[in-house]
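Subject: Structure handover

Hi,

Here is the structure for you to look through. Please open it next to this email and follow along.

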Amino acid sequence: MRAVDIIIKKRDRLPLSSEEIKFFVDGFTRGDIPDYQVSAWAMAVLLNGMTEQETTDLTLAMAHSGEVLDLTGAVELAVDKHSTGGVGDKVTLVVEPLVAACGLPVGKMSGRGLGFSGGTLDKIESIPGFRTDLSTEEFLAQLKRTGLVLTGQSADLAPADGKLYKLRDVTGTVPSIPLIASSVMSKKIAGGAQAIVLDVKVGLGAFMETVEEARRLAELMVAIGRLSGRRVIALLSDMNQPLGEAVGNALEVREAIEALHGGGPADLREHCLVVASHLLVIGRKARGLDEARRLAEAALADGRAFEKFRTLVATQGGDVSYVDRPEKLPRAAVVEPVVSTRAGWLKQVHARIIGETSVELGAGRARKEDAIDHSVGIIVHRKVGERVQPGDLLFSIHARSRPEALAAKEKLLGALAWSESPVEGLPLFYGVVE
Ligand code: URA
């Protein structure tokens, strides 16, 4: 078999066999098939798609490209959550400690930023010392001991996805339903999750822009879960506008800490409570969503969720003084306010433009070896449906320099669309796929 023939087949819209997919994934994992061939193949997949069978074969080949964890010795029921990626999505930072505080252990392997969407690992690394490179042994031992782990995909787990994810980030090959479904599900299968809540983002700042596409992605992932013996629930959630107010790594950690103290923006709090409730039900810590919500609200209100986050940071070598005093987190040299010059109702706060602007400020990567700047980003002060008056604050831009802040200001003003008459706010969720 030759890699080039597999690329040609996909270019010509022919389905790949299980053997061909396994050959390609294994060759890439070993380093025998170079990045440029895999990039060409990923573009062919993005343009021509894959059948459900090919997607399942790709998922299983990536899941088995390294070790497959068995968590049954560490926890009674291994649960996990995963977001398909959005702007201002700091939900994992809140929900993981929150459900752990309710007695549900979670060991999660998170990802880095992808295209315009942020990544939990990049965010949590704003806390000096926090280790995201735990070995499998460390992961299992910590999960057993503390019931809470947040780390990167170790080199041993689904290494094919780890390599492909980095390539897709910089080759315009992220928004493909089979590539996203196999990326998410291969990690979940390799990580040993038995029950999974997927947060499938929909809208201008998501890889799926319509509810129909998001539903197709959700159904595919639920089907892959079923085929591999996992229980999967997918929530379809809004990503037309950023979630919460903060976009950018340290800014998002600060906002997550506020939410863990029971505060923070109302949409973020509500979103986290819904995701946490589903996890508690799927993880058998509550009989129904109402009971689960009561448990989660109590853990936020009495400080247990925040304490769990603090323990997580300490256990993974992070400096907890940054959690106790978030004002110590990295701060940008320039903070530029953007004030409205007009009155009206906001009918669009375009999440992708805001995400791209944040990446251009330095919060994300243009090439896979780029370093990111944890301090920069944007605070989005307004939501769709709000009435704005001249002089109201729209954005606060956290930048390395004034020229960069001014360039960002132009783009951010272009992210807004206005109406002369009242506009409905956006829903947080569009449905559930089970
Ligand atoms: N999240 C992932 O893990 N992979 C993707 O491809 C997109 C979002």
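First, a term. A cavity, on a 1 Å grid over the protein atoms alone, is a set of points where a 1.4 Å probe fits but cannot get out. A pocket is an open set with protein on both sides within 12 Å along at least five of seven lines. Lining residues have an atom within 4 Å of a point. Grid points are joined across faces, edges and corners, and a volume is the space filled by probe spheres set on the points.

Two notes on the source. This is a predicted model, where local features need pLDDT of at least 70 and side-chain atom pairs count only at pLDDT 80 or more, while totals for chains, interfaces and linings use all residues. Residues are numbered from 1 along each chain as its sequence is written, and side-chain values use heavy atoms, with hydrogens and water left out.

**Domains**

The protein chain is assigned domain 1 (3-49), domain 2 (71-324) and domain 3 (333-419). These bounds come from an automatic or database domain assignment. The C-alpha centres of domain 1 and domain 3 are 38 Å apart.

**Cavities**

How many cavities of 30 Å³ or more does a search of the whole structure find? It finds six.

The second largest cavity holds about 170 Å³ of space. Its lining has 23 residues, and Phe116, Ser117, Gly118, Val359 and Ala363 lie nearest its centre. Why does this cavity lie between domain 2 and domain 3? Both domains give residues to its lining, so it lies between them. H6, helix H11 (249-260) and H16 each supply at least two lining residues. H16 gives the most, with four. Helices (H or I, at least four residues) and strands (E, at least two) are DSSP runs, numbered from the N terminus. By class, this lining has six nonpolar, 12 polar and five charged residues. Here Ala, Val, Leu, Ile, Met, Phe, Trp, Tyr, Cys and Pro count as nonpolar, Asp, Glu, Lys and Arg as charged, and the others, Gly among them, as polar.

The largest cavity has a volume of about 320 Å³. It is lined by 28 residues. Nearest its centre are His82, Ser83, Thr84, Gly85 and Tyr165. Elements that give two or more residues to this lining include strand S1 (79-83), helix H5 (91-101) and strand S2 (106-110). The largest share, four residues, comes from H9. The lining splits into seven nonpolar, 13 polar and eight charged residues.

**The ligand**

Which residues are around the ligand? They are His82, Ser83, Thr84, Leu114, Tyr165, Arg168, Ile180, Ser183, Val184 and Lys187. A residue counts as near if one of its heavy atoms lies within 4 Å.

Now the polar contacts (pairs of N or O atoms within 3.5 Å). An oxygen atom of the ligand is 2.8 Å from an N or O atom in the side chain of arginine 168. For lysine 187, a ligand oxygen is 2.7 Å from a side-chain N or O atom. For serine 183, a ligand nitrogen is 2.6 Å from a side-chain N or O atom. On its own, the ligand has 240 Å² of accessible area, and the protein covers 97% of that. Accessible areas come from the Shrake-Rupley method with a 1.4 Å probe.

The largest pocket holds about 440 Å³ of space. It has 23 lining residues, and Arg112, Gln153, Gly162, Lys163 and Lys166 are the closest to its centre. Helix H8 (residues 159-169) gives the most to this lining, with six residues. The lining divides into seven nonpolar, eight polar and eight charged residues.

The second largest pocket holds about 230 Å³. Of its 15 lining residues, Gly115, Phe116, Val174, Phe207 and Glu356 are the closest to its centre. Helix H16 (351-363) gives the most to this lining, with three residues. Domain 2 and domain 3 each supply at least three residues. The classes are six nonpolar, three polar and six charged.

Best wishes

Definitions and conventions
A polar contact is a pair of N or O atoms within 3.5 Å; within protein, one must be able to donate a hydrogen and the other to accept it, and residues adjacent in sequence count only if both atoms are side-chain atoms.
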